[in-house]
Amino acid sequence: MARNGDAFVEAVLAVVADIPPGRVMTYGDVAAVLGSRAARAVGQVMARYGHAVPWWRVVRAGGRPPAGHAERAREHYDAEGVPLRPVDDVDGYRIDLAACRWRG
DNA sequence: GGCGTGACTTGGA
DNA sequence: ATCCAAGCCACGC
């Protein structure tokens, strides 16, 4: 819970919390479930209030983990059995959206 | 009430 | 495959 009145924040956290283990959603998908295109706003909310929800289950459209959190997220993916694809970049891996993308 | 920022997206070169 | 530019929306100051 964030604060009374922050409907958007509450909604984002609710959607993220509703993602089952082993599945992920893109920022755009979360925004779409809320009936908005605020993919960036979702990222803002995650950055500020995402500490209390499974933030690692929210990834970018390209199958990449949240910027700057690749290593932490990877531990969770490995623990939950999320299919990953090793790549040669700063993140070191990529999420297989085709297999674990969750539709709310 | 207005402006800048950001854990984004999509499309084109 | 990569990089660049524009569009989008909500938040915080």
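The model is predicted.

Chain A contains five helices and four strands. Along the sequence, the elements of chain A run α-β-α-α-β-α-β-β-α. The radius of gyration of chain A is 13 Å, close to the 13 Å that the globule rule gives for 104 residues, so chain A is as compact as a globular protein of that length. Along the principal axes, the C-alpha atoms of chain A fill a box of roughly 40 × 20 × 20 Å. Buried residues make up 32% of the 104 in chain A. Among contacts in chain A with a separation of 6 or more, 55% join residues 24 or more positions apart.

Helices H1 and H3 pack against each other through side-by-side lists of residues on either element. From H1 come Phe8, Val9, Val12 and Leu13. They meet Ala41, Val42, Val45 and Tyr49 of H3. The contact of H1 with H3 has eight nonpolar residues, no polar ones and no charged ones. The two axes come within 10 Å and cross at roughly 85 degrees. Helix H1 (7–17) and helix H3 (39–49) each supply at least two of its residues. H3 gives the most, with five residues. The residues around DNA strand C are Asp6, Phe8, Val9, Ser36, Arg37, Ala38, Arg40, Ala41, Gln44, Val45 and Arg48. By class, five are nonpolar, two polar and four charged. Phe8, Val9, Ala41 and Val45 are listed around DNA strand C and also take part in the contact of H1 with H3.

Around DNA strand B there are 18 residues. Gly43, Ala47, Arg60, Ala61 and Pro66 come nearest. Helix H2 (27–33) and H3 are the elements that give two or more residues to this surface. The largest share, seven residues, comes from H3. The class counts for the surface near DNA strand B are nine nonpolar, seven polar and two charged.

Arg37 and Val9 are 28 residues apart in sequence. Their C-alpha atoms are 14 Å apart in space. Both residues are listed around DNA strand C. Gln44 lies in helix H3. Gln44 has 14 other C-beta atoms within 10 Å and is partly exposed. Between Gln44 and Trp102 there are 58 residues of separation in sequence and 21 Å in space, C-alpha to C-alpha.

Two buried positions complete the account. Met25 belongs to strand S1 (residues 25–26). Burial requires 20 or more other C-beta atoms within 10 Å; Met25 is buried because it has 24. Beyond its neighbours up to four places away in sequence, Met25 touches Ile19, Val30, Arg57, Val58, Arg101, Trp102 and Gly104. Met25 and Gly104 are 79 residues apart in sequence. In space their C-alpha atoms are 8.5 Å apart.

Pro65 occupies the loop between strand S2 (58–59) and helix H4 (70–80). With 25 C-beta neighbours inside 10 Å, Pro65 counts as buried. Its contacts, leaving aside neighbours within four places in sequence, are Val59, Ala70, Ala73, Asp91 and Ile95. Pro65 and Thr26 are 39 residues apart along the chain. A distance of 9.5 Å separates their C-alpha atoms.

Methods
Residues numbered from 1 in each chain as written. Chains lettered and ligands numbered in written order. Predicted model: local features only at pLDDT ≥ 70, side-chain atom pairs only at ≥ 80, totals over all residues. Near = placed C-beta within 6 Å. Nonpolar A, V, L, I, M, F, W, Y, C, P; charged D, E, K, R; others polar. Rg over C-alpha atoms; globule rule 2.2 N^0.38 Å. Buried ≥ 20, exposed ≤ 12 C-beta atoms within 10 Å, placed from the backbone. Contact = placed C-beta atoms within 7 Å. Axes fitted to C-alpha atoms, helices over the stretch in contact; angles between N-to-C directions.
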